[in-house]
Amino acid sequence: CAASRQAACGTVCIPVPWLCDGEQQCPDRTDEQCARFECCSVPSVCGAKKVQCPGTHHCIPHWELCDRHQDCEDGWDEEGCPQQPCLPGQWQCRNRVCIMAEWKCNGIDDCGDSSDEDVCAPCPPGMVRCDEGKCILESLMCNDEDDCLDGTDEPSTCGELRVAAGHCPCGCGWGETQSHPMSFCSARVDIRSGDLYWLAFLHLSCPRTHVPCRDGTECVAQEYKCDGEKDCADGSDEDGCAQLCDTPGRSYSSYPCGLGACLNASLVCDGRQDCTDGSDEGGNCSVPCRRSCAHLCYPSPQGPRCWCDPGYRLSEDGLSCMDIDECTERREEACTQTCLNAPGSYSCGCLPGYLLEPDGRVCKLTGPEPMLLVAVQSEVLSYGLRSGREEVLLAADKDRVVFSLDYDLVERKVFWMDLATESIRWQDLNSTKKGTLVKGVRSDCIAVDWLGRNLYWTDGAAGQVLATRLGAAWRGIPEYTVVMDGDLDQPHSLVLQPLAGLLYWSEVGSHPRLVEATMDGSRRRVLLAQGLGWPTALALDLPAWRIFWLDEKLGSAGSARLDGTSVKVLQLGWVQSPFAAAVCEGQLYWSERKAWSVQRVDKTSGKNRTVLLKRHRQPHGLQVPACGRPKPCTNGCAKSNGGCAQLCLPNP
């Protein structure tokens with residue numbers, strides 16, 4: 001046997017991680033007799049960034065050494081520690097707790113006594129600090145509201161800021177300076193001194209899906225422009241939007257005032273000045289309406305004009321009206337699931353198992369509250385997506401890390417990848433039963449086919465997608481098959497669509513892409529091969545017929561229809577190191593390894609970011625079992641294993 005990686009077990013060799021793992025591999029149980037194998041001197045399986053607790057397979061991050069918390073069972077990580085308990089890369093709180101240095105000033109009380117937020121300087125980019133210590137968005141400066149309790153965000157120089165806005169010194173203006181032809185200039189107020197100052201920024205190169213803010217400091221998604229919310233720090237994404245009286249969602253009987261406001265056509269030429277500049281009165285208001293308008297005619301200072309009822313758009317002839325297909329033009333902004341267009345209107349509907357909310361747009365799951373399952377170190381937690389209630393569903397051995405996970409809807413079992421023992425394990429949530437499905441495998445992602453009763457996983461190093469039966473029992477010999485091999489470039493994340501017999505995976509090699517195939521590995525089709533960096537987390541939104549991905553390299557969240565069309569990408573600064581993702585009821589959820597948190601945003605806009613869970617341990621696998629998955633039914637492989645003696649793989 002290879003001395004560094006294997007141990008003798010009778011006439012065969014077994015991997016070292018299988019020693020003392022609580023499961024018998026050798027007929028005489030010698031693999032569980034730690035004295036014989038000297039398990040206390042097992043070679044390290046932790047890698048360069050972690051340390052191994054002596055005599056175990058338990059790996060802990062180096063920053064958990066001497067943190068005044070016993071992480072190794074025998075307390076070895078707290079023995080012989082110096083007086084100063086914090087290690088390089090850590091920061092000591094007032095209560096002497098050590099936290100990661102990058103957690104300081106992140107807006108979250110990681111110390112427990114707020115000391116990591118009380119002494120922060122400076123605030124995160126785009127924010128400024130009030131005198132009392134709180135950080136606020138820089139865009140809240142000089143907005144005529146005291147966002148700081150002491151009012152330091154509203155100094156007397158705010159009036160000068162409004163006068164100076166748009167008038168840069170030394171000849172610089174929006175989009176041009178003397179020294180940098182493509183520079184931008186912005187007036188700011190210093191929150192400490194109240195002094196007015198100028199900032200010049202080189203012109204940003206925004207992705208094709210984004211537009212630059214006027215001050216040139218950031219890019220925002222095209223969908224954010226004129227959506228009623230100020231996403232640019234200077235609010236320029238909402239400037240002039242009221243003039244766009246024919247934007248989606250606005251009444252098509254609106255009249256544009258000269259200074260930007262939109263006015264209902266019935267208020268034009270009514271003898272009262274409704275536009276602040278008076279542009280809705282005077283002129284040719286007295287000219288009578290004699291045009292052959294399809295719907296209605298109203299007077300205006302420019303002369304009589306035709307206008308259309310809501311749900312219609314004025315045609316190019318200026319007389320007739322054409323129906324607006326909101327389902328096509330607005331897509332998910334109109335309805336989250338099904339949409340039916342009608343003359344002058346539209347209606348939303350929901351798939352079975354969902355109920356239309358009172359807003360007539362959003363569909364919510366009926367029945368019990370949907371639960372988020374997330375792996376955090378050696379535990380699997382459930383998190384109520386409506387109540388926020390947390391519960392520990394299962395706890396693996398402390399020296400194990402629950403990596404990728406998935407859930408079997410039929411038998412209520414949780415399956416997960418255990419890297420320490422190179423095995424895929426399971427636990428029944430209806431009882432205390434647990435076991436091992438297969439050993440001798442390594443994977444970043446596993447996925448359960450609850451309909452065909454198989455489990456798939458990716459092996460990025462080998463460039464393979466593999467599968468085994470859900471009901472397989474470990475008998476000492478790996479029982480699985482290679483579904484795809486050969487031309488896969490580091491397959492990573494994997495998701496399944498059991499009813500259609502399809503699987504989707506991401507590749508993060510030299511040519512990143514998203515690929516679809518049938519579950520037997522045939523009929524492969526590339527969905528997307530451009531605009532990707534490292535798509536490390538995939539999620540299916542079957543009610544909307546879309547696939548979502550989070551890109552670690554580009555810091556973005558993207559989605560596309562399952563035929564590869566209608567690609568949409570949102571640049572999100574808080575996407576740093578995503579591991580797994582899920583979509584449910586209009587929200588996109590993902591686990592962040594660098595931030596040690598689980599977060600969510602609106603799946604359509606990328607807004608309303610919320611941190612749901614934050615732990616001093618890394619989250620990995622994540623699933624919402626009930627969302628987008630129909631009640632169990634049947635397919636060719638579900639009945640009598642499709643007549644197969646071993647493994648049945650669907651090929652619709």
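A quick word on conventions before the tour. Residues are numbered from 1 along each chain as its sequence is written, and side-chain values use heavy atoms, with hydrogens and water left out. Because the model is predicted, local features need pLDDT of at least 70 and side-chain atom pairs count only at pLDDT 80 or more, while totals for chains, interfaces and linings use all residues.

Let's start with the disulfides, meaning pairs of cysteine sulfur atoms within 2.5 Å. How many does the structure hold? There are seven, and I'll show you some of them.

One joins Cys293 to Cys306, with 1.9 Å from S to S. Cys293 sits in the loop between β14 (262-264) and β15 (296-298), and Cys306 in strand β16 (residues 305-307), so this link ties together parts 13 residues apart in sequence. Strands here are DSSP runs of E, at least two residues, and helices are runs of H or I, at least four residues, numbered from the N terminus. The torsion about that S-S bond is -75 degrees, a left-handed link. Cys306 has 7% relative accessibility and therefore counts as buried; the word means under 20% relative accessible area, with exposed over 50% and partly exposed in between, using a 1.4 Å probe and protein chains only.

Next comes Cys308 with Cys321, their sulfur atoms 2.0 Å apart. Here the torsion is about -90 degrees, so this disulfide is left-handed. Both Cys308 and Cys321 are buried.

Then there is Cys327 to Cys339, at 1.9 Å from S to S. This pair connects helix α4 (residues 326-329) with strand β19 (residues 338-342). Cys327 is buried at 17%, whereas Cys339 is partly exposed at 29%.

The UniProt record, an unreviewed entry, annotates residues 348-363 as "domain: EGF-like". UniProt positions follow the numbering used here, feature names are shortened, and such annotations may be inferred rather than shown by experiment. In the model, the end C-alpha atoms of residues 348-363 lie 9 Å apart, and the span is 0% helix and 38% strand.

On to charges. Side chains of opposite charge can pair when their charged atoms come close. A salt bridge here is a side-chain nitrogen of Lys or Arg within 4 Å of a carboxyl oxygen of Asp or Glu, and the whole structure has 13. In one of them, Glu585 meets Arg386 at 2.4 Å, N to O. That pair links distant parts of the chain, 199 residues apart. Glu585 is buried at 15%, while Arg386 is partly exposed at 43%.

Another joins Glu411 and Arg453, with closest N and O atoms 3.6 Å apart. Both sit in loops, and the pair ties together parts 42 residues apart in sequence.

Finally, the nonpolar cores: sets of buried Ala, Val, Leu, Ile, Met, Phe, Trp, Tyr and Cys residues joined through side-chain atoms within 4.5 Å. Which residues have the most contacts inside the largest one? They are Leu372, Phe415, Ile424, Leu455, Trp457 and Leu622, in a core of 37 residues. Strand β42 gives the most to this core, with four residues. Apart from it lies another core of 18 residues, including Phe548 and Leu570.

Thanks, and I'm happy to take questions!
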